[in-house]
Number of protein chains: 2
Amino acid sequence: MFDKIVPRSEDYAKWYTQVIRQAEMADYSPVRGCMVVRPYGYALWENVKAQLDIRFKETGHENAAFPLFIPMSFIEKEAEHVEGFKPELAIVTHGGGKKLEEPLVVRPTSETIIGYMYSQWIQSYRDLPVLINQWANVVRWELRPRLFLRTMEFFWQEGHTAHATHEEAVEETLRILDIYTDFAVNEAAIPVIPGRKSESEKFPGALTSYTIEAMMGDKRALQAGTSHDLGQNFAKAFDIQYLDAHQKQQHCWTTSWGVSTRMIGAIIMTHGDDQGLVLPPRLAPTQLVIVPIVPKNRADDKQAVMQAVDGICETLNGVRYHVDDRFDYSPGWRFNEWELKGVPLRIEIGPRDLSNQQVVLARRDIPGKDGKTFVPMDNIAETVPQMLETIQADMLKRATEFRDANTFEPESYDEFKAVIEDGFARARWCGDAACEDKVSEETQATIRCIPMEQPDGDGECIVCGKPAEEIAVFARAY
Amino acid sequence: MFDKIVPRSEDYAKWYTQVIRQAEMADYSPVRGCMVVRPYGYALWENVKAQLDIRFKETGHENAAFPLFIPMSFIEKEAEHVEGFKPELAIVTHGGGKKLEEPLVVRPTSETIIGYMYSQWIQSYRDLPVLINQWANVVRWELRPRLFLRTMEFFWQEGHTAHATHEEAVEETLRILDIYTDFAVNEAAIPVIPGRKSESEKFPGALTSYTIEAMMGDKRALQAGTSHDLGQNFAKAFDIQYLDAHQKQQHCWTTSWGVSTRMIGAIIMTHGDDQGLVLPPRLAPTQLVIVPIVPKNRADDKQAVMQAVDGICETLNGVRYHVDDRFDYSPGWRFNEWELKGVPLRIEIGPRDLSNQQVVLARRDIPGKDGKTFVPMDNIAETVPQMLETIQADMLKRATEFRDANTFEPESYDEFKAVIEDGFARARWCGDAACEDKVSEETQATIRCIPMEQPDGDGECIVCGKPAEEIAVFARAY
């Protein structure tokens, strides 16, 4: 059933695709660039969605659904927006057997159609703020598709809000950046760097874009979520106005923000190892697999072991567990499958364990003997949830240490060019796009973000030597 | 803010659209035929989804996501399927700035693309059954769109399963029909009739289609969910085969089944009255609204009333409530709004109630004084959940009585033609499509279903007088 997975050190890209397909997370479809998210991958996505959705609702957001199709003329109303998205559009030209008068765009993102609806719904300052999110599929034409990272159709949430003042819109943008950071760090165990995008990397049509950036296992960066202060750009393009308390017409200030199925790719590449996936316990569809082991033709043993397994299951309050009682597969084969699928914790239990009143508890994040302990049967109900929390914390710690060990602070441009081969570079940047372009041309690295947390003082731009107030994080990125 | 809603008796279609738009359930979009589901409507849909999803998962189904786009050649592989759907397709001809070699269809339903994937995934009898559902948007070109009932894009779940034997596939089809019936009756308070579709009304490509049919407030029928036994039609078209225990290749037997945002339309039209929506408590986004009432400029009273409101809220365990403290709107205005929105229960509380240690509890399903009771403050925590259950039960009872009062058992074709103007007709049918066609031409009524529950004995076809084993339900339908 399982082919050997190529080690990450040998071919990271191949490892990534093999793990996803063999763990049955996702598959390519016959439509080039479109993926199928299989049940195991979708269960992970459901957990991601649930955790984000709770946070959105706690902060006053509501879900809704806007149309899949957008008139071409809408996309063209905001100049930067159309320039950014036009090359990636999928276009419906025929419907109901007829050629359409105006072609319809399959939404690449929904600022335009939602902006139009907001212009209909918002009249007075009393209608503000409008805080709406949608969970949706979007389409952007992709020439080099990769599962979860760049697919023609992908799944995401896109929040779209409208406010009376710029100050409130900025607050909202940063509130969401905090939510994304909190989710990534505390649920996905991914130590992201929240920061601001440079002008050249911001969303087409935004005043300012914010991002969370993560380091993958091959030391490349991945943008895992973005939050945009759209200023009044879309409000002016779509005439989103309100009557203020002094009976004056004002344009709204809007924001948009999104996290997509890319997050699944980030989880895979942050934590995965040469055996396969390693899923953070809080998001893992299955947190614990119980593998009963019985020698062949030992019906008595089997009954006793399964009785003990039932007893364990009854005590496992709130743990998402699965019992793998496929006795016609060897224990080793079953272990491999659940390791490949990244289940955080495994209980092994056989007749000898039973007579010793204990089980083997094996951690996925620490392979081999080092990750195995014997646990008395009586302690399982407490040990399992504790161990899941320990694994969650250790995964975050390990990912943070890996990122920090591969983040450099070069002091010259020559040193910069050397270290950027091996990870992230934190360096001062003067803010000039010319310096950014030079780096990109000479090293393929881009500014991933200007981190929200900045050191005191100032210094010189790593590229041109001119005064530079801010530190930027540079890296090669997905 | 609110325009007067036209009474149902005057213009049912207009009432329907006005209620939806004024209650902010949904809105038309600038793309003809596409709707926007607004937060209040979407919250109802989320509750519908959650209740169905629990039932699917309890019966072993998993969620996944398949591509939005389907190659045109796939749609053409199953002869009846292409004939049924071709006139309704939206077609993408351009992507990424280029004309596509093969046009892509925006999925009207996903049997074909899922069938293709199943042919890749299924090898052995050990891989069966495959029990997958997806929550998705689909597109069918609509010339006469109506919010929730017929929109170009709509939202639904579509289950797709593959089995080793026809018997298992039939079992699955009927298991889902039971789930749909249970959901409609017990959550949506809609007394649906589960039954079989006639040949002319079945899904294009199915062996047999099953349906749940409901009576709307204007006595027309609405198909609220369908479950299809697809036989081996799609397995043969897409080569979905498995190796059985005797090492022989066999074609799978597949099913598909769906409930869509039409269900929202069914809820509106089953329970709504001339004041607006009436939502069943189990699905209502807000089950209880608390309206504090204080005369103007009475700060002391306000503080005391709000303190009592806080006290009530603390005791409301598990009730989805909302406090409407917009004191700049009159009580009457606020009552109207929540009646329009169909919130099942309302608490009114003012200074006088406070001194009497009681509140007014007003039922949405019984308008005016008859639906109001005084409840001692101390009893609210018990009374509210009980009252919500009572409302739920009464709504089902009322809808059942309405349906039964408007269901006739004509004994001649002349009588049939008379009663079909006023509701459902239960009558024997010989099974001949010619009789069905005649009814449809002469009365605009169709066979909604052949109910699963049949009386004993047999009789004569209501149309041709030939022997007829089964009773069918005839009605004009949405």
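Within chain A, 67% of the contacts with a separation of 6 or more join residues 24 or more positions apart, two residues being in contact if their C-beta atoms, placed from the backbone, lie within 7 Å. The model is predicted: local features need pLDDT of at least 70 and side-chain atom pairs count only at pLDDT 80 or more, while totals for chains, interfaces and linings use all residues. Residues are numbered from 1 along each chain as its sequence is written, and chains are lettered from A and ligands numbered from 1 in the order in which they are written.

Chain A contains 14 helices and 25 strands; helices (H or I, at least four residues) and strands (E, at least two) are DSSP runs, numbered from the N terminus. The radius of gyration of chain A, 25 Å, is close to the 23 Å that the globule rule gives for 478 residues, so chain A is as compact as a globular protein of that length. This radius is taken over C-alpha atoms, and the rule is 2.2 Å times the number of residues to the power 0.38. Of the 478 residues, 49% are buried, a residue being buried if 20 or more other C-beta atoms, placed from the backbone, lie within 10 Å of its own.

The contact between the chains takes 43 residues from chain A and 43 residues from chain B. On the side of chain A that touches chain B, strand β5 (residues 90-95) of chain A gives the most, with six residues. β5(A) pairs with strand β5 (residues 90-95) of chain B in the antiparallel sense over five bridges; pairing requires at least two bridges found by DSSP. A:A90 has B:G95 as its bridge partner in β5(B).

Key:
Buried ≥ 20, exposed ≤ 12 C-beta atoms within 10 Å, placed from the backbone.
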